[in-house]
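Student: I would like to learn how to read the features of a protein model. Could we take them one at a time, with the general idea before the case?

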Amino acid sequence: MASKEVFTKTSQMLFQASKQHVYFGQINIILPKTWSWKPEYTGIPARSELESYITVEEGKVKTPKTQRRRNKCGYPGRYIYLHTDFLLTEGKTKWGHHENVLVHEWGHFRWGLFDEYSTRKKGRFYLDKGVWNPVRCSKSVKGKVGKGTRCNRAASKCDIKDTKQKMDKKCKFCPDEAETKSNTSSIMAYNWIDAVSTFCDNEDDETVPVHQRHNSKAPNKHNSNCGGRSAWEVMREHNDFKAVPLSASTNTAPIFKILRETAGYRVFVLDVSGSMQGTRIARLYQACKYIIQTRIPENSWLGIVWFSTSASTKMDITQVTSQQDRDALIAAVPLTTGGSTCIGCGIDEALRILSNRRGDPAGSEIMVISDGQGGLGASIENAKEANVIIHTISVSQAADERMILMATETGGIHISYLETGTITFAAAFIEILSSGVTSFATESTTLLSEKLDSLSSTTVSFSFDIDSSVGVNTTVSILQGSSTDISIEVQSPYGTVYTEQTTGDILILDIPGTAVTGKYNATVTTPTSSSVEYYVTSLPSGSEVVRISSWVTPINLDFLTGELPVIEADVMKGRAAVLDAIVTAVVETGGSESCEVALLDNGADPDDTEDDGVYAGVIPRFCLYQNGRVSAKVYARGENGTASVQDVFSGAGSPDSDEDVYNTEVLQDNFQRVSLPSEILVSNYSSIIANQDITAPGRITDVSIIDIFTENTQYGESRNFTITWTATGDDINIGKATEYELRISDDINVLINNFSNAERLDVVNANFTPKAAGEVEYIRIEIDAEESYTSTTFFGVKAKDEAENAGAVSNIVSILVANGYRIKVEGDVVYSPTNVTDEDITQEEKKENLTGLAIGISCAAAAAVAIIAIIIIVYVRKQKQKA
């Protein structure tokens with residue numbers, strides 16, 4: 001199998017690049033359950049989507065890439081994506097040898113490193129020591145400057161000594177791919193060069209070979225996000241490097257285990273203690289009935305355990321193969337309550353029946369629903385030891401805070417049902433059951449999920465959009481607060497009317513076949529019910545389905561720190577980024593009010609990278625008004641002709657990555673999706689602190705020089721540097737900052753590590769007031785000197801608010817100066833580019849000028865994509881750690 005050879009070579013290279021600390025001990029290759037069974041396979045239950053794996057699938061995106069959860073230095077990634085073409089290519093790929101690329105991506109994924117190469121958009125050169133220096137690591141890397149894929153085109157306007165104007169964006173540096181290891185260095189910069197096999201180290205450490213010394217001045221993403229530290233300085237903080245290196249003779253060949261997904265094994269562990277009486281147990285019964293009837297996959301296994309003072313099995317692990325099985329499971333759902341709470345009793349009982357059924361319960365899932373506290377004992381450790389995942393639904397703010405812990409410790413999802421608001425039992429169940437390791441493209445997609453309380457009318461109207469990526473077996477489900485007559489009418493975009501009616505508390509309407517694209521209008525009539533929940537789900541119509549996943553960080557928020565939670569959502573079609581979607585989050589804490597947060601993909605803090613399909617926003621302080629749980633629901637919407645899909649985005653570098661054509665697909669129909677991120681827990685709330693401003697503005701991450709204008713005066717040469725960045729807010733990206741603190745230093749480390757000691761630029765007389773968050777700032781720095789411009793000063797900026805809270809230091813840019821220079825700052829610049837001809841401006845740049853400067857392996861016979869998920873167990877010293 002080709003993948004075995006690839007990962008065997010990668011393991012050996014990883015061992016060498018990590019200085020004999022890390023290699024792949026065991027690799028589990030998980031095949032989709034759609035694949036035929038073979039005797040050499042081992043079964044693994046289908047389960048909720050795993051973090052920390054490598055997914056191999058067929059789709060539009062070709063570039064190997066690591067998908068991150070937080071773009072912070074040292075934070076691990078979510079998964080590595082590989083296209084089947086990459087894995088199955090014989091010999092060297094477009095991005096380099098397989099092992100080079102995979103070790104590069106492992107640096108992102110495992111140790112939270114960033115790319116050290118440059119891009120046309122972010123700049124390929126920087127000013128230092130009187131010349132334009134190429135962005136490279138280390139500075140000893142040899143190569144040439146020119147244009148085109150291999151710098152083989154005429155290098156007009158690529159004179160690195162001409163510092164009187166900005167280097168042409170088409171100019172680039174091409175490292176010599178024939179260089180030996182003694183002259184090349186970082187695999188985070190040049191993964192496509194054969195000789196590269198290590199990471200850069202501290203540039204100030206004389207024991208580090210020159211060719212391995214980090215270049216902290218290069219304005220690349222790693223330096224920006226990691227404060228100029230080298231890859232090895234970041235890596236050494238990881239537990240992988242706490243032990244002494246292994247023997248050089250260590251056998252690094254991985255053990256391969258072929259697994260194939262089988263039907264899932266789950267146990268519902270339901271709280272029936274006295275505090276669950278009334279509407280809680282009634283709503284739980286209704287949600288379980290609905291989920292068992294509609295969402296539990298055919299041929300999967302389900303058991304039901306009740307717990308209060310003790311625990312008992314009400315339905316042993318049963319395979320769902322018929323309606324009779326579903327009816328029996330529904331009959332085992334509780335309607336009565338009594339007794340105290342022993343959550344651990346329920347977990348241990350679930351582990352017992354899973355072990356009885358399967359022998360080894362590893363990979364099974366337990367869903368715990370409780371509003372109580374106590375009785376955990378050693379149950380969490382028991383589940384961890386058995387490799388069983390626990391998902392939790394916390395009922396109300398009174399639920400045990402350790403409900404979150406048991407989910408996070410076992411790799412599960414934790415969601416709260418706070419009774420008021422729009423998040424329901426059924427919605428939480430749907431989120432937990434919505435995806436699998438290898439089959440997200442074949443799972444039902446949630447288009448709509450809402451709850452309405454205190455109805456003032458006997459009719460409820462809503463609409464939903466079916467886009468071309470879904471439409472198969474579309475289901476509209478209505479859950480109402482009482483058992484009474486209920487009917488629904490759904491009209492399609494072409495006038496077809498679908499109707500359904502019943503007497504009861506659940507009504508389900510199925511749209512047969514594949515629903516046509518467009519807007520559907522629904523009307524529900526319920527004469528006596530006081531509340532209604534409605535859900536719209538649909539199966540994908542092909543392999544490239546639009547989907548959304550979301551998360552909130554941190555999970556545990558200490559209110560006294562002034563940190564604010566960040567919500568992020570990944571909107572993709574297949575694995576390609578969906579751009580220009582409208583993404584919002586509704587934040588709920590169980591009260592009568594909620595907050596709405598806009599999530600943006602503009603590259604401004606808290607978002608990290610513009611146009612990568614990851615949208616981010618900050619939960620404002622006024623949304624956090626008590627200790628306890630905070631929940632959110634994220635909505636993603638795309639409008640016809642506005643949202644688009646980009647199939648080429650940042651990933652592993654290649655010699656011609658900047659020359660690739662961006663294939664953008666404009667979506668021709670509307671779409672909508674909904675997702676529930678895990679809850680967070682607020683502690684140490686203080687009303688006194690709540691009225692104080694202790695949250696700093698966000699970090700500015702996109703400072704750049706966009707123009708250099710040079711002229712001769714009677715006093716010598718004068719240069720104007722036009723510098724720009726995106727305005728940040730008062731509290732991260734909320735509101736507007738009060739002032740900017742601009743500083744320069746001839747030592748970049750002073751700006752990074754001791755900003756207040758750098759020379760401050762006076763902008764008091766420049767009429768330079770910060771704009772609203774998200775707007776573009778321009779400032780012109782004029783430097784006059786009689787001597788040659790051969791020295792360098794570095795520029796950085798912080799935003800401050802009215803309470804003197806200062807954001808983190810921005811990314812650093814360099815400016816060429818001369819001895820004895822004079823500097824003048826002019827703010828609020830009306831910018832127009834100079835010294836740029838029309839032929840030098842790309843279509844992307846023209847768009848920028850107008851808007852800102854005007855200022856799995858696919859089976860041939862299968863309709864859906866099947867994905868191979870590769871789980872890697874890393875050997876660090878002599879201890880195994882799952883990655």
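Student: How many residues lie between β6 and β7 in their hairpin?

Tutor: Keep in mind that this is a predicted model. Two residues lie between β6 and β7, and K129 in that turn has a positive phi of about 55°. The two strands pair in the antiparallel sense over four bridges. One of the residues to look at is F125, whose bridge partner in β7 is P134.

Student: Are the two faces of β6 covered or open?

Tutor: The general idea is that side chains in a regular strand alternate between the two faces of the sheet. In β6, residues 125-128, both faces are covered. F125 and L127 are buried on one side, and Y126 and D128 are buried on the other.

Student: What is the order of the strands in the open sheet that contains β37?

Tutor: The order is β38-β37-β40-β41, four strands with antiparallel pairing. β38 (759-760) and β41 (813-817) are at the edges with a single partner strand each, so one side of each has no neighbour in the sheet. Inside the sheet, β37 and β40 (residues 791-800) are joined by seven bridges. I744 has F795 as its bridge partner in β40.

Student: How many residues does helix α6 have, and what does it reach from its first C-alpha to its last?

Tutor: Helix α6 (residues 279-294) has 16 residues and spans 22 Å between those two atoms, close to the 22 Å expected at 1.5 Å a residue. Its buried residues include R280, R283, Q286 and C288, along with I281, L284 and Y285.

Student: R280 carries a charge. Which side chain does R280 meet in a salt bridge?

Tutor: In general, side chains of opposite charge can pair when their charged atoms come close. Here the side chain of R280 meets that of D371, at 2.6 Å from N to O. This pair links distant parts of the chain: R280 belongs to helix α6, while D371 is in the loop between β14 (365-370) and α9 (379-385), 91 residues apart. R280 has a relative accessible area of 17%, so it counts as buried. D371 is also buried, at 4% relative accessibility.

Student: How many salt bridges does the structure hold?

Tutor: It holds 36. Another of them joins D400 to R402, with the closest N and O atoms 3.0 Å apart. D400 is buried at 4% relative accessibility, whereas R402 is partly exposed with a relative accessible area of 36%.

Student: Which parts of the chain does the salt bridge of R673 and D467 link?

Tutor: The side chains of R673 and D467 meet at 3.0 Å, N to O. R673 is in strand β33 (residues 671-675) and D467 is in the loop between β18 and β19 (470-491), 206 residues apart. R673 is buried with a relative accessible area of 2%, and D467 is buried with 3%. Elsewhere, salt bridges that share partners join K92, R150, E177 and D194 into one network.

Student: Now the backbone. Where does E419 lie, and what is its phi?

Tutor: Most residues other than glycine have a negative phi, and most peptide bonds are trans. E419 has a positive phi of about 70° although it is not a glycine. E419 lies in the loop between β16 (414-417) and α11 (425-432), and it is partly exposed, with a relative accessible area of 24%. S454 also has a positive phi, near 55°. S454 lies in the loop between β17 (445-452) and β18 (459-466) and is exposed, at 66% relative accessible area.

Student: Is the peptide bond from C137 to S138 cis or trans?

Tutor: That bond is cis, with omega near 5°, and S138 lies in the loop between β7 and β8 (143-146). The bond from T553 to P554 is cis as well, with omega near -5°. P554 lies in the loop between β23 (546-553) and β24 (556-558).

Note on methods:
Residues numbered from 1 in each chain as written. Predicted model: local features only at pLDDT ≥ 70, side-chain atom pairs only at ≥ 80, totals over all residues. Heavy atoms only, no water. Buried < 20%, exposed > 50% of the residue type's maximum accessible area, 1.4 Å probe, protein only. Pairing = 2+ DSSP bridges. Expected span 1.5 Å × (residues − 1). Salt bridge = Lys/Arg side-chain N within 4 Å of Asp/Glu carboxyl O.
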